[in-house]
Amino acid sequence: MTGALAGGASARFPLAGTWTLEAADVLHPDGSRSSDYGAAPKGLLMIDGQGHYALQIFRAERSHFASGDKAHGSPAEYQSAVMGSSTHYGTLELDAATHLLVFHIDGASFPNWEGQQQRRSFELHGDELSYRVPPRPNGDVPLSVWRRVGSKVAVE
């Protein structure tokens with residue numbers, strides 16, 4: 001079931017809202033952690049009440065095209081643009097009991113992901129959402145950390 005809670009719940013999607021990227025890191029097999037999208041990655045994740053989402057992650061240090069024209073970049077400029085971003089959209093499925101998010105990807109900057117379902121273990125602590133992407137062939141595990149925007153905190 002996409003865009004809903006696993007088990008058929010029909011309430012508003014619990015992760016609905018706007019989220020900004022706090023970290024886009026990678027956990028290495030040796031236990032170390034490094035930045036996957038540079039020192040100050042930028043990103044936005046928007047999720048509506050039915051679980052439709054749009055996600056963008058960008059390396060802040062991407063090279064600008066010297067020509068100022070996207071159709072006339074150098075190989076290095078194209079590589080920087082592609083490898084310095086990750087975007088996709090579709091619907092989300094959430095299984096809170098098993099801490100599993102399932103991204104049903106309709107469109108992506110990496111075309112191989114289109115039509116795929118990607119499962120990610122997640123943690124939610126207040127307004128901080130983090131999830132781990134399945135390991136890459138070299139064993140690295142990407143980790144994304146998001147902070148909810150505009151939530152209301154009760155003041156006593």
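Serine 144 counts as buried because its relative accessibility is 6%, where buried means under 20% relative accessible area, exposed over 50% and partly exposed in between, with a 1.4 Å probe and protein chains only. This serine sits in strand β10, residues 141-148. Strands here are DSSP runs (E, at least two residues), helices are runs of H or I with at least four, and both are numbered from the N terminus. So who are its neighbours? Leaving out residues up to four places away in sequence, serine 144 touches Ala23, Ile57, Leu129, Ser130 and Tyr131; a contact means heavy atoms within 4.5 Å.

Before going on, a word about what you're looking at. This is a predicted model, in which local features need pLDDT of at least 70, side-chain atom pairs count only at pLDDT 80 or more, and totals for chains, interfaces and linings use all residues. Residues are numbered from 1 along each chain as its sequence is written, and side-chain values use heavy atoms, with hydrogens and water left out.

Ile57 belongs to strand β5 (residues 52-58), on the covered face with Tyr53 and Leu55. The uncovered face of β5 carries His52, Ala54, Gln56 and Phe58.

Strand β4 (residues 42-47) runs antiparallel to β5, and 6 bridges join them; two strands pair if DSSP finds at least two bridges between them. In this pairing, glycine 43 stands opposite isoleucine 57. β4 and β5 make a hairpin with 4 residues between them, and in the turn glycine 51 has a positive phi of about 95 degrees. β5 also pairs with strand β6 (residues 85-95), again in the antiparallel sense, over 7 bridges. There, serine 86 of β6 is the residue opposite isoleucine 57.

Let's zoom out. The protein chain has 1 helix and 10 strands, and along the sequence they come in the order β-β-β-β-β-α-β-β-β-β-β. Of its 156 residues, 37% are buried. Take the contacts between residues at least 6 apart in sequence: 49% of them join residues at least 24 apart.

How far can you trust the picture? The mean pLDDT of the protein chain is 90, and 89% of its residues reach 70 or more; pLDDT is the predictor's confidence in each residue, from 0 to 100. Over residues 1-10, though, pLDDT stays under 50, and the model has 23 contacts beyond four places in sequence for them. Where pLDDT is low, the predicted coordinates should not be read in detail.
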